[in-house]
Amino acid sequence: MSRVPVGERWAVVVAVTGYVVLACGGLVWLLSSGTDPLAVGVLAVAAVAVLAFALARILGRTSLGLRRMAADTAVIVDANPGHRLTSPAPGDLQRLAVAVNRLAEDREVALRGAEEQAMATRRDLESERNRLAALMAQLTVAVLVCNGEGRILLYNEAARSVVGEDTPVGLGRSVFAVVDRGLVAHAMERLTAGAEPAYTATTLHGDKLLRVRVSLVHEPVPDASPGGTGFVLVLEDLTREVRAGDRRERLLRQLTEATRASLGSIRAAAESVLEFPELTATERQRFLEIVREEADGLGRRVDDFATESVHLADDRVQTDIAGEDLLTVVRSELARAGLDCAQPPVSPQLWLRADAHAVARVVARLLARLTETSPPDRVALGLEVTGRHGQLDARWPGRAPAPSVVDRWLDEPLEAAGTETARDVVERHGAEIWCGESDGSTAYLRLLLPLAAGTGRNPVPAARIEVASRPEFYDFDLFSAGPQPSNLFGRRLDEMSFTVFDTETTGLDPAAGDRVISIGAVRVVNGRVLRQETFERLVHPERPVPAASTAIHGITAEMLEGQPTIDEVLPAFARFAEDTVLVGHNVSFDLQFLKLAEGGSRGVDLAQPALDTLLLHAALHPDHQEHTLEAIADRLGISVVGRHTALGDALVTADVFVALMTMLRGRGIETLGDALSVARRTYQARVNESLYPG
């Protein structure tokens, strides 16, 4: 059997033994040499104190190593199976760390195998859910599925578009912010009493008139909780249709009144001519001119009415369409005309309000006329935002036709047997079109089209955050969610909704005039980070942005030109964060800036509780000295993307917070009140009691 080498513990034993022997021998020698016993006693006490201090340092080092190992082991068990023990420790503890790491590796392999088996059993169910989510995302009709308490558990993108930004739609939010509670309650009573499968009513939401169809849905699960019964809302925005109808009715009323007046004048003039044959030729001619003038005016009014009616009808044909989809339609139409086109990528945020087919016909028609005189070899398409319009360009090598020629082409019918011209299409879109030359060898056809609502409103810093391609617009676990405790602080963390946010600022001192220039946030519901439910705004600070700040977050003064001020952005953020708990990393810093802005933001009061991931991590790992976001993310195995952008930091903080919730639960910290209490007891909170009152 091999001998165990003498380790650090034996060196400590030898050192302590030698010290005791030498100290005792020295004291005996002093006493035997006649030294004052009191002085010998003082030396004995000093020797014991030195020994105690040395032992305390040795034991303290060992104890610190044990505590750090215990904390890192908890990270492996509760949050990050790939984490390993790396903290320096005495020799024996190092061997223990190696053994723990080996166990962690075995556990990670076992967990990976168990996860693969679990994924295999869940794959079919998840596939069905993914299909549902994908189908819901593509539906143009707005759909909201809610549990019995009215909490949204499924929605689609159309629902967010119909409701608008003033009332955020999201998982776990109350649908009664969109639809009146009384309307839903009345519909539920009717449906329960055996009324038609879908109850239809209309309601006002801001300045929008919505048609609401309500249907009951029951979760087919045995012993389902009362929350298993819910309802489906299908919303349709009638505002445009109603306004068009009102406009058409007003035009018809004006036409009727004007026609009645003109017919009266015509009748009076005709009766005068017929009843008074003795009229002179001049008088008779005057009456005939009145008849002709009134008839001409009546004809013009009828033509105007017909034109307006066509425009109102065409407005219903125009829809919001992605810029990339519009270019695809145009390219297809040009291919039919025999033109080969190059199509560069288009921003997915670029949407237009247009009749895609009509626009494509206009571009194809004009380029087809161009090919009759000087056919281009290749046409390059492009689409970008210019001011409040989308600029659609078709470029080719050569010279542009003269403006008079383009005007003649615009007035030609698009179809041989039709009457609609390219100019008609351009005018009903409120668009502009012309040809020009960018240099001596490249010509272009340019069409300016109106942007869809919201497009081009808020440019974002260069560091973009990629989110999952599949929208996570559902959480079926909310179906069985029962009533929440009335005491907010008694609710379980994994059953609550959170808004994790971050800000970028002009500097670090709000009292000295520094201001917020960007706010980013993401929601966490039922322990899940909802990456599709985000808030991101640039904010004009109404003061210069220092170059030192720009070097950190990349936001320049040019990017902030034309952006809303904090007085406009803060109310929107407050609506996004409504009925949730705020979460941030070193959240007191961000809250100081937002609290200073509350006074000028139409009565905004961010009074909900706030959790700080820095303090929560410090409470779980009091022996770790580094609690930066990067250090915590690295320890928990979380990728850091988009650092020092508001949304990027919010997403990383959200992932950290979800991991910390699991670790808190392992320590018996399950409710909001527990989390707030443990955060207040940390060292960081105690040294800043003004920001973290007990």
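Reader: Why is Glu236 called partly exposed?

Author: Glu236 has a relative accessible area of 35%. Buried means under 20% relative accessible area, exposed over 50%, and partly exposed in between (1.4 Å probe, protein chains only). Glu236 therefore counts as partly exposed. This is a predicted model, in which local features need pLDDT of at least 70, side-chain atom pairs count only at pLDDT 80 or more, and totals for chains, interfaces and linings use all residues. Residues are numbered from 1 along each chain as its sequence is written, and side-chain values use heavy atoms, with hydrogens and water left out.

Reader: What makes Arg531 and Asp655 a salt bridge, and where do they lie?

Author: Their closest N and O atoms are 2.7 Å apart, and the pair is therefore a salt bridge. Arg531 belongs to strand S15 (residues 528–538) and Asp655 to helix H18 (residues 646–666), 124 residues apart. Arg531 is partly exposed, at 25% relative accessibility.

Reader: Why does the pair Glu495 and Arg492 count as a salt bridge?

Author: The closest N and O atoms of Glu495 and Arg492 are 3.9 Å apart, so the pair falls within the cut-off. Glu495 is partly exposed, with a relative accessible area of 37%, and Arg492 is partly exposed at 28%. Both belong to a network of salt bridges that links Arg492, Asp494, Glu495, Arg665 and Glu670. The structure holds 19 salt bridges.

Reader: Why is Arg361 called buried, and what does its side chain join?

Author: Arg361 has a relative accessible area of 16%, and so it is buried. Its place is in helix H9 (residues 356–373). A polar contact of 3.1 Å joins the side chains of Arg361 and Glu420; the term denotes a pair of N or O atoms within 3.5 Å, where within protein one must be able to donate a hydrogen and the other to accept it, and residues adjacent in sequence count only if both atoms are side-chain atoms. Leaving aside neighbours within four places in sequence, Arg361 is in contact (heavy atoms within 4.5 Å) with Glu333, Leu414, Glu415 and Glu420.

Reader: How do you know that the buried residues of H8 line one face of the helix?

Author: The buried residues of H8 are Gly323, Leu326, Leu327, Val330, Glu333 and Leu334. Seen down the axis of H8, they fall within an arc of 125 degrees, and therefore line one face. The arc is that of the directions from the helix axis to the C-beta atoms.

Reader: What makes a set of residues a nonpolar core?

Author: Such a core is a set of buried Ala, Val, Leu, Ile, Met, Phe, Trp, Tyr and Cys residues joined through side-chain atoms within 4.5 Å. Of the 42 residues in the largest one, Leu334, Leu367 and Leu447 touch the most other members. Its largest share, ten residues, comes from H9.

Key. Helix = DSSP H or I, 4+ residues; strand = E, 2+ residues; numbered from the N terminus. Salt bridge = Lys/Arg side-chain N within 4 Å of Asp/Glu carboxyl O.
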